[in-house]
Every structure is written in C-alpha cells, then in structure tokens.
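Subject: Structure handover

Hi,

Here is the structure I promised to pass on. Have a look at it first, and then read my notes below.

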Amino acid sequence: MHVIFRKDSPEHSGNRILGIDRGIVNIAVCSNNVFFNGKSIKNVRGKYAYLRKQLQSKGTKSAKCLLKKMSRKERRFVTDTNHCISKTIVNMP
C-alpha cells in the first residue's frame with residue numbers, strides 16, 4: 001500500500017519521508033526508529049478468544065447474543081488503538 005500525506009507546518013524543513021512497516025508483534029515501526037507495540041491488542045484478542053471458545057461451546061441464545069456484543073467491543077478497542085497510533089504518527093515532528 002502506498003499512501004501520501006502532506007501536512008503544512010509553520011517552519012519549512014523541506015520534504016521528509018517517513019516509512020512505516022506494519023506487523024503483528026509491533027503494530028507499526030517507523031523509519032525514524034519509533035516502535036508501537038501491539039502487546040495490549042494481543043492480550044485483549046487472547047482474552048476474547050478464550051471467552052468466545054467458552055460461549056460457542058454453550059450454543060444458547062444468550063451466549064450468541066453475548067458473542068455479538070463481545071465482537072463489537074473487541075472491534076471498537078482495536079479500531080481506537082489503531083486510531084491513536086495513527087494520530088501519534090501524523091503528529092510526529
């Protein structure tokens with residue numbers, strides 16, 4: 001994926017290029033040696049995977065309702081974490 005982002009800054013420092021590598025262990029690694037750890041996301045996904053396994057084995061109507069609720073909650077957490085990381089990258093000096 002190739003994304004170009006331009007940001008006007010008060011001081012003119014020339015064109016700087018920032019490369020970002022996305023991964024599993026580290027969510028993002030920037031070319032200026034800034035690492036964003038994915039440990040919190042990995043822990044939350046592990047917790048929800050365990051709960052999902054327990055609820056799927058039950059198979060009741062209320063368990064299915066809880067599975068939907070948990071899925072939305074996990075998705076919101078991951079989306080928020082990714083948003084916070086991207087905001088931090090964009091606001092880097």
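A quick one to start: where is N33 found? N33 sits in the loop between β2 and β3 (35-37), where helices (H or I, at least four residues) and strands (E, at least two) are DSSP runs, numbered from the N terminus. N33 has a positive phi of about 65° although it is not a glycine. With a relative accessible area of 64%, N33 is exposed; here buried means under 20% relative accessible area, exposed over 50%, and partly exposed in between (1.4 Å probe, protein chains only).

Before the rest, some housekeeping. This is a predicted model, in which local features need pLDDT of at least 70, side-chain atom pairs count only at pLDDT 80 or more, and totals for chains, interfaces and linings use all residues. Residues are numbered from 1 along each chain as its sequence is written, and side-chain values use heavy atoms, with hydrogens and water left out.

Overall layout

The chain has two helices and three strands, and along the sequence they follow the pattern β-β-β-α-α. Of the 93 residues of the chain, 20% count as buried. Taking contact as heavy atoms within 4.5 Å, residues 24 or more positions apart account for 43% of the contacts with a separation of 6 or more.

The helix pair

Two packed helices are described by the angle between their axes and the distance between the axes. For α1 and α2 the angle is about 170° and the axes are 10 Å apart. The axes are lines fitted to C-alpha atoms, for helices over the stretch in contact, and angles run from 0 to 180 degrees between N-to-C directions. That angle makes α1 roughly antiparallel to α2; the classes are under 35 degrees for roughly parallel, over 145 for roughly antiparallel, 65 to 115 for roughly perpendicular, and oblique for the rest. On the α1 side the contact includes I41, V44, Y48, L51 and L55, and on the α2 side it includes A63, L66, M70, F77 and V78. By class, the contact of α1 with α2 has eleven nonpolar, four polar and five charged residues. For that tally, Ala, Val, Leu, Ile, Met, Phe, Trp, Tyr, Cys and Pro count as nonpolar, Asp, Glu, Lys and Arg as charged, and the others, Gly among them, as polar.

α2 has 30 residues and reaches 44 Å from its first C-alpha to its last, close to the 44 Å expected at 1.5 Å a residue (the expected span is 1.5 Å times one less than the number of residues). Its buried residues are A63, L67, M70, E74, V78, T81, I85 and I89, and what covers them includes β1 (20-22), β2, β3 and α1.

E74 in helix α2 is worth a click: at 11% relative accessibility, E74 counts as buried. Leaving aside residues up to four places away in sequence, E74 touches R45, Y48 and R52. Q56, in helix α1 (residues 39-58), is exposed at 53% relative accessibility. The C-alpha atoms of Q56 and L66, ten residues apart along the chain, are separated by 10.0 Å.

The cores

Which residues form the largest nonpolar core? There are nine: I27, A28, C30, F36, I41, V78, I85, I89 and M92. A nonpolar core here is a set of buried Ala, Val, Leu, Ile, Met, Phe, Trp, Tyr and Cys residues joined through side-chain atoms within 4.5 Å. β2 (26-30) and α2 (61-90) each supply at least two residues of this core. Apart from it lies another core, of six residues, among them Y48, L55, A63 and M70.

A28, in strand β2, is buried at 4% relative accessibility. Not counting residues up to four places away in sequence, A28 touches I20, D21, V34, F35, F36, I85 and I89. A28 and G38, ten residues apart along the chain, have C-alpha atoms separated by 8.3 Å. With the same exclusion of up to four places, M92 touches L18, C30, N32, V34 and F36.

I20, in strand β1, is partly exposed, with a relative accessible area of 43%. I20 and I89 are 69 residues apart in sequence and 9.2 Å apart in space, C-alpha to C-alpha. Beyond four places in sequence, I20 touches A28, V29, C30 and I89.

Cheers
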